[in-house]
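Dear colleague,

Please find below the structure that I am handing over to you. My findings follow directly after it.

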Amino acid sequence: LERSGLGFEIHVIDAAMQILHSGRWSSTELVDREADISTSSMYRYFDGIDDLLRRMGERFAVDHAELLDAAPPPTADRNKRIAAFVRLRLRCAATIAPWERHAEMYAIHNDDVGAVIATIRRALSHQVDRFFAAELGSLTPARRADAAAALDAMTSTSSERTMREVHGRAPRQIARVWSASIDSVLATHSSS
């Protein structure tokens with residue numbers, strides 16, 4: 001591996017992502033060991049752990065654009081759109097949650113990390129509009145905003161983490177709860 005340039009940066013980001021997904025994240029020294037690089041090499045290309053986390057988020061947004069930009073088939077009925085949306089959100093949570101959890105800690109002191117988190121969360125928020133445009137489009141602006149916010153929050157990565165870690169729910173159980181909740185929110189807001 002060439003120890004300079006874009007290839008090196010991608011190698012380090014890949015190593016850091018593997019560590020996050022394995023649950024072993026503890027320090028840049030672990031990233032150094034996993035990537036088989038020296039600490040000085042790490043700091044030549046990254047301004048610290050917050051810079052590494054920022055660039056990991058940017059890389060996630062590029063590598064997983066299909067998750068962020070997904071839309072249902074235009075002719076899918078509501079039940080099929082709900083099922084596709086729930087599957088997509090569970091994939092997003094499995095893919096991004098390890099990074100997001102650590103990035104949130106650094107975002108408190110680093111606006112650049114916070115900006116990447118906000119960009120990804122906005123993209124996820126727009127999914128609600130794409131998947132449920134038929135139901136949301138018939139609502140008043142205030143009711144539309146309320147329903148979209150509820151749907152986005154209830155299917156967020158933090159919701160998935162809470163259901164899994166605190167309540168011991170498996171992915172299929174989370175999918176069942178989310179599907180019923182989405183259907184309920186859409187029915188409640190469209191009937192009022």
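Which residue forms a salt bridge with Arg59, and how far apart are the closest N and O atoms? The partner is Asp63, at 2.7 Å; a salt bridge here is a side-chain nitrogen of Lys or Arg within 4 Å of a carboxyl oxygen of Asp or Glu. Both residues belong to helix H4 (residues 49-63) and are four residues apart, about one turn of the helix. Helices are DSSP runs of H or I with at least four residues, numbered from the N terminus. Arg59 is partly exposed at 21% relative accessible area, and Asp63 is partly exposed at 40%; buried means under 20%, exposed over 50%, and partly exposed in between (1.4 Å probe, protein chains only).

On provenance, this is a predicted model, in which local features need pLDDT of at least 70 and side-chain atom pairs count only at pLDDT 80 or more, while totals for chains, interfaces and linings use all residues. Residues are numbered from 1 along each chain as its sequence is written, and side-chain values use heavy atoms, with hydrogens and water left out.

Salt bridges

The structure holds 16 salt bridges. One of them joins Glu165 and Arg101 at 2.9 Å, N to O. Glu165 lies in helix H10 and Arg101 in helix H6, so this pair ties together parts that are 64 residues apart in sequence. Another joins Glu104 and Arg121 at 2.3 Å, N to O. This pair also links distant parts of the chain, with Glu104 in helix H6 and Arg121 in helix H7 (residues 111-131), 17 residues apart.

Three aromatic pairs are present. The ring centres of Phe131 and Phe132 are 6.3 Å apart and their planes lie at 50°, so the pair is tilted; rings of Phe, Tyr and Trp (its six-membered ring) pair if their centres lie within 6.5 Å, with planes under 30 degrees apart stacked, over 60 edge-to-face and the rest tilted. Phe131 is buried at 3% relative accessible area, and Phe132 is buried at 0%. Together with Phe85, these two residues form one aromatic cluster.

With kind regards

Technical notes: Helix = DSSP H or I, 4+ residues; strand = E, 2+ residues; numbered from the N terminus.
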